[in-house]
Amino acid sequence: MYDLARALLFQLSPETSHELSIDLIGAGGRLGLNGLLCKAPVSLPVRVMGLEFANPVGLAAGLDKNGDAIDGFAQLGFGFVEIGTVTPRAQPGNPKPRLFRLPEASAIINRMGFNNLGVDHLLARVQAAKYKGVLGINIGKNFDTPVERAVDDYLICLDKVYGHASYVTVNVSSPNTPGLRSLQFGDSLKQLLEALRQRQEDLAVQHGKRVPLAIKIAPDMTDEETVQVAQALVETGMDAVIATNTTLGREGVEGLPFAEEAGGLSGAPVLDKSTHTVKVLAGELKGRLPIIAVGGITEGAHAAQKIAAGASLVQIYSGFIYKGPALIREAVDAIAALPKN
Ligand SMILES: Cc1cc2nc3c(=O)[nH]c(=O)nc-3n(C[C@H](O)[C@H](O)[C@H](O)COP(=O)(O)O)c2cc1C
């Protein structure tokens, strides 16, 4: 059935089809209909970051930036849902067009630039949702906040979302906000993580609960840089790492229409690069921090590969656009079939 829906949606521009899909998934969620559209995944509960996940396959950030369709996505079978990236203030994002399909490669290029309605809108949507499962809220900075003051924006968002999130993701890896990725390195990274960890401790006392903090990184670092990030995460006491965001590379899409558009590439071509980052992290972290793997999962087997590489959970974005909700069940089945260790 998704093949038919996809054929219709792909007639529209990528962004129109995105907006329509969010509306439909949101409406289906409010009516409680989405569970009827697809067979539920097998039950595969997992405990990570001290949280109970219904299954290890989640929705990646960026699809539901404003939290408009939380119930709808959860009903499709995701074991957890991550919304955002949200910024303190609403912002329009980059000029359109800014979203491109590369169907020959099961890939997407985007330079959305954190278009979102701001953290207050997102929180209103979270409060309106009925979903009781694991909800991640992914936070970022406004495009016009200087990168030297980025920490202020992350703290504003953390303060606001803390009481409403199961975990909070610190996004320092979008390629579409100038300067953002510089926060992944050296002293900038340490200072940001220390400030966030301190605030997390304060908020834990205020709210009487500890909400885990995850950091989302890019696949475009050298192994040495990835190892340095892992060390900083352990030193500062972060709770998890999400690997990875989109890539600036164009391997696997050379010569295809839109391949030269500026932005981050996601989907099948990022699979190996992203899984490599997971392996490097796993080698350094040795289980001290869980890894949430995202990037290029378009078949169940890819999700199982990510777990075998050292991840505890996976997330999907582009594969969901190309394969639809059946991919969620396929991924859960493939993970369930892995030998237990
Ligand atoms: C159109 C689009 C928008 C995205 N927006 C965000 C975002 O706001 N925040 C974020 O952390 N990741 C964002 N991502 C990255 C995805 O969450 C994911 O990390 C990346 O696409 C790799 O996974 P995939 O190959 O399954 O798509 C976005 C991806 C796409 C395609």
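Colleague: Quick one to start: what is the relative accessible area of arginine 199?

Modeller: Arginine 199 has a relative accessible area of 26%, so it counts as partly exposed (buried means under 20%, exposed over 50%, and partly exposed in between, with a 1.4 Å probe and protein chains only). Bear in mind that this is a predicted model, where local features need pLDDT of at least 70, side-chain atom pairs count only at pLDDT 80 or more, and totals for chains, interfaces and linings use all residues. Residues are numbered from 1 along each chain as its sequence is written, and side-chain values use heavy atoms, leaving out hydrogens and water.

Colleague: Thanks! Which side chain meets arginine 199 in a salt bridge?

Modeller: That is aspartate 159, at 2.7 Å from N to O. A salt bridge here is a side-chain nitrogen of Lys or Arg within 4 Å of a carboxyl oxygen of Asp or Glu. Aspartate 159 lies in helix α6 (residues 150-161) and arginine 199 in helix α7 (residues 186-207), so the pair ties together parts that are 40 residues apart in sequence. Helices (H or I, at least four residues) and strands (E, at least two) are DSSP runs, numbered from the N terminus. Aspartate 159 is partly exposed too, at 31%.

Colleague: And which residue does lysine 190 in α7 pair with?

Modeller: Lysine 190 meets glutamate 235 at 3.4 Å, N to O. Glutamate 235 counts as exposed at 56% relative accessibility, while lysine 190 is partly exposed at 30%.

Colleague: How many salt bridges does the count come to?

Modeller: The count comes to 15. One of them joins aspartate 68 and arginine 125 at 3.3 Å, N to O. Aspartate 68 is in the loop between β3 and α4 (70-75) and arginine 125 in helix α5 (residues 119-128), so parts 57 residues apart in sequence are tied together. There is also a network of salt bridges linking Arg181, Asp220, Glu251 and Lys273.

Colleague: Switching to strands: in what order do the 3 strands of the open sheet come?

Modeller: The order is β5-β6-β11, with antiparallel pairing. β5 (99-102) and β11 (264-267) are the edge strands, each pairing on one side only. Two strands pair if DSSP finds at least two bridges between them. β5 is joined to β6 (residues 107-110) by 4 bridges, and phenylalanine 100 stands opposite isoleucine 109 in β6.

Colleague: What about β13: which strands pair with it in the parallel sense?

Modeller: Strand β3 (residues 57-59) does, over 3 bridges, and so does β12 (residues 291-294), over 3 bridges. Leucine 59 stands opposite isoleucine 316 in β13, and valine 294 has glutamine 315 as its bridge partner there.

Colleague: Nice. Which way do the side chains of β13 point?

Modeller: Leu313 and Gln315 point one way, Val314 and Ile316 the other, and all are buried. In a regular strand, side chains alternate between the two faces of the sheet.

Colleague: Last one: which residues make the nonpolar surface patch of about 240 Å²?

Modeller: Leu12, Leu20 and Leu24 make that patch. Patches take residues with over 30% relative accessible area and no salt bridge, joining like charges within 9 Å and nonpolar side chains (Val, Leu, Ile, Met, Phe, Trp, Tyr) within 5 Å; accessible areas come from the Shrake-Rupley method with a 1.4 Å probe, and for residues only the protein chains shown count as cover. Leucine 12 is in the loop between α1 (2-9) and α2 (14-31), and is partly exposed at 32%.
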